[in-house]
Structure formats: structure tokens, C-alpha cells
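Dear colleague,

Please find below the structure that I am handing over to you. My notes on its charged and aromatic side chains follow.

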Amino acid sequence: MTNSITQNALRALLYEVTTLPKPGLVDPANPGPHPDMNIYTFIDSSLSLEHYFNKATQIGQTFTGADLPAMFTQLRQEGLLAEEEMLTATNGVNTHKGAIFALGIFVCAQSYCKKNQAELFATIAKMCHGLVEHDLEKNNQLQTAGEREFQQYSIGGARAQAEQGYPIVKKYALPFLKQSTGTLQCRLLDTLMKIATVTVDSNLIKRAGNYDVINWLHSCASQYLALGGYATVLGKKYLLKLNQICLDHNYSLGGCADLLIVTIFVALEQGQL
């Protein structure tokens with residue numbers, strides 16, 4: 001049976017993918033720089049993760065003791081199984097690997113916090129304590145983009161965000177989403193671009209092949225928000241232009257998308273959406 005936390009996790013995945021137009025990302029109108037996937041791939045992928053989110057909820061609810069990294073270890077084992085289920089559902093296309101990591105952590109932590117009256121972001125930081133050192137310093141296989149970028153640029157990526165308790169979500173994205181106005185489409189697009197003003201998106205670095213692209217993204221996202229966001233004619237025009245640039249250069253903002261998903265999840269859990 002699907003619990004309310006799992007339901008909000010699935011809603012977060014579907015809210016993100018159905019929001020358009022998202023530069024460098026799949027949406028209902030366009031696969032963006034991802035010709036091997038489309039909106040239907042993402043729907044199939046999202047639904048395949050229901051069992052995983054139920055397990056993540058269960059782990060958070062039943063975990064006892066103070067060793068929260070042990071809870072994360074349990075979750076991670078389920079995450080590897082979830083990746084297999086995702087790949088089966090998508091015929092081998094990696095749609096949600098980043099979201100399995102990030103949203104799984106949020107689902108598990110939220111479940112734990114509800115049971116133990118703890119604070120969400122502090123709980124996540126405790127769960128993921130030592131993650132960068134373990135994965136990127138001591139056991140770096142240089143197989144993933146995140147592992148290679150840590151060696152090349154000293155970027156901790158998704159793991160560093162998790163270990164720090166997702167400061168981008170806590171300090172920037174969630175407050176921004178809560179105070180945003182207008183249609184849900186406008187609010188989510190503007191929140192995505194708010195995230196893009198501060199995120200070091202390892203997915204984008206991988207696609208661009210250089211770190212300088214991050215400064216470009218921060219500048220573009222700030223410019224978009226300065227124009228008034230998607231609710232304004234100028235903001236809309238600018239976002240469409242940015243969308244085309246991402247298509248032309250094969251840029252993907254996958255890291256920003258994962259942070260938007262978890263921001264949506266927390267907002268849903270808090271009754272803010």
C-alpha cells in the first residue's frame with residue numbers, strides 16, 4: 001500500500017517532468033538534449049520507483065539508535081535495487097539515477113523525522129556524514145562523472161549536497177518556492193532557475209567538458225529572474241532562448257532537476273504546494 005510520503009515523492013517526480021519549458025531537460029513538448037528519453041519514459045520510470053519509496057519510508061520509520069549513517073547504508077542498498085527496476089522500466093535508459101539518490105534520502109529522512117520529531121535537513125546531514133570522504137576520497141573508482149569531477153575540480157556534487165544537509169534546498173530553493181506566486185508552472189520554472197543561480201551542476205559540467213559553463217549558467221539564471229521570471233513576456237522569451245542554447249550545445253541541467261524534485265517533495269510534505 002502506498003503511504004502519503006511515497007505519494008508525495010511520486011508527485012514530485014511527475015510535477016518536475018511535466019513542467020515546461022525547462023532548459024536542458026525533458027518535458028512534455030521536448031526531450032531536450034536527451035534523444036533516448038521522453039515524457040513517457042519518465043512516467044514509466046517514476047512509477048517503477050513506488051516500491052523503493054515505500055521501502056525508504058519503512059527504513060526511516062523503523063530505524064532505531066543514533067547511528068544514522070547505518071540508516072543511509074540500508075537505504076543505499078535499496079537504491080541499487082531501485083536503479084535496476086528503473087532500468088527495466090525504461091529499457092536501459094537512465095532517467096532517475098540522481099533522483100533515486102536524492103529523493104530516496106529525503107523520503108527516508110522525512111519518515112524518520114515524523115517518527116522521532118527531528119529536523120529534516122539536520123537528519124539528512126547526519127545520515128550522510130562522511131559520504132564525500134568514503135566515496136570520493138577513499139574509494140573513488142573514477143567511473144562516474146561525479147567521481148571524475150571530484151578528482152579534476154574538487155567538486156563534491158550530489159554527495160557533498162547530501163552531506164551538508166542540502167543547503168541549496170534549505171537556504172535558496174524552498175524559501176523561494178514558498179514565497180513565489182502565480183501558476184504552479186511559473187512557480188516551478190522560477191524555482192528551477194533559482195536553483196540554477198547557485199548550483200554547481202555536475203551533469204552540465206560533464207556535457208560541456210569544462211567548469212566555466214557553471215559561471216555562464218549562474219549568470220543566465222540570474223538574468224532570467226531579474227527579468228521577472230516566466231510570468232513576464234521578457235522572462236518567458238529569455239527562457240525559450242536559453243532552452244535553444246541548451247539544445248544547440250547538448251547541455252543538460254540534470255543536477256538542478258534533482259534539486260527541484262526534492263524541493264517540490266518537501267513543499268508537498270509541508271503543505272506549501
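Arg76 and Asp135 form a salt bridge, with their closest N and O atoms 2.4 Å apart. The term salt bridge is used here for a side-chain nitrogen of Lys or Arg within 4 Å of a carboxyl oxygen of Asp or Glu. This pair links distant parts of the chain, since Arg76 belongs to helix α4 (residues 68–89) and Asp135 to helix α7 (residues 131–138), 59 residues apart. Helices (H or I, at least four residues) are DSSP runs, numbered from the N terminus.

Before going further, please note that this is a predicted model, in which local features need pLDDT of at least 70 and side-chain atom pairs count only at pLDDT 80 or more, while totals for chains, interfaces and linings use all residues. Residues are numbered from 1 along each chain as its sequence is written, and side-chain values use heavy atoms, with hydrogens and water left out.

Buried means under 20% relative accessible area, exposed means over 50%, and partly exposed lies in between (1.4 Å probe, protein chains only).

Asp135 also forms a salt bridge with Arg159, where the closest N and O atoms are 2.8 Å apart. Arg159 lies in helix α9 (residues 157–163) and Asp135 in helix α7, so this pair ties together parts that are 24 residues apart in sequence. Arg159 counts as buried, with 16% relative accessibility.

In total, the structure holds five salt bridges. One of them is formed by the side chains of Lys114 and Glu269, at 3.0 Å from N to O. Because Lys114 lies in helix α5 (residues 97–116) and Glu269 in helix α15 (residues 254–269), the pair ties together parts that are 155 residues apart in sequence. Lys114 is partly exposed, at 47%, and Glu269 is buried, at 16%.

**A buried charge without a salt bridge**

Where does Asp27 lie? Asp27 is placed in the loop between α1 (4–18) and α2 (39–48). Asp27 is buried but has no salt bridge, and the nearest side chain of opposite charge, Lys22, is 5.1 Å away. For charge, Lys and Arg count as positive and Asp and Glu as negative, while His and the chain ends are not counted. The side chain of Asp27 does reach the backbone nitrogen of Ala29, at 2.9 Å. Leaving aside residues up to four places away in sequence, Asp27 touches several residues, including Val17, Leu20 and Ile39; contact means heavy atoms within 4.5 Å.

**Aromatic rings**

The structure holds six aromatic pairs. Rings of Phe, Tyr and Trp (its six-membered ring) pair if their centres lie within 6.5 Å; planes under 30 degrees apart count as stacked, over 60 as edge-to-face and the rest as tilted. The rings of Phe106 and Phe121 have centres 6.0 Å apart and planes at 80°, so this pair is edge-to-face. Phe106 is in helix α5 and Phe121 in helix α6 (residues 120–127), so the pair ties together parts 15 residues apart in sequence. Phe106 is buried, at 0%, and Phe121 is buried, at 7%. Ring pairs link Phe106, Phe121 and Tyr166 into a cluster.

Yours sincerely

Technical notes. Helix = DSSP H or I, 4+ residues; strand = E, 2+ residues; numbered from the N terminus. Polar contact = N/O pair within 3.5 Å; in protein donor to acceptor, adjacent residues only side chain to side chain.
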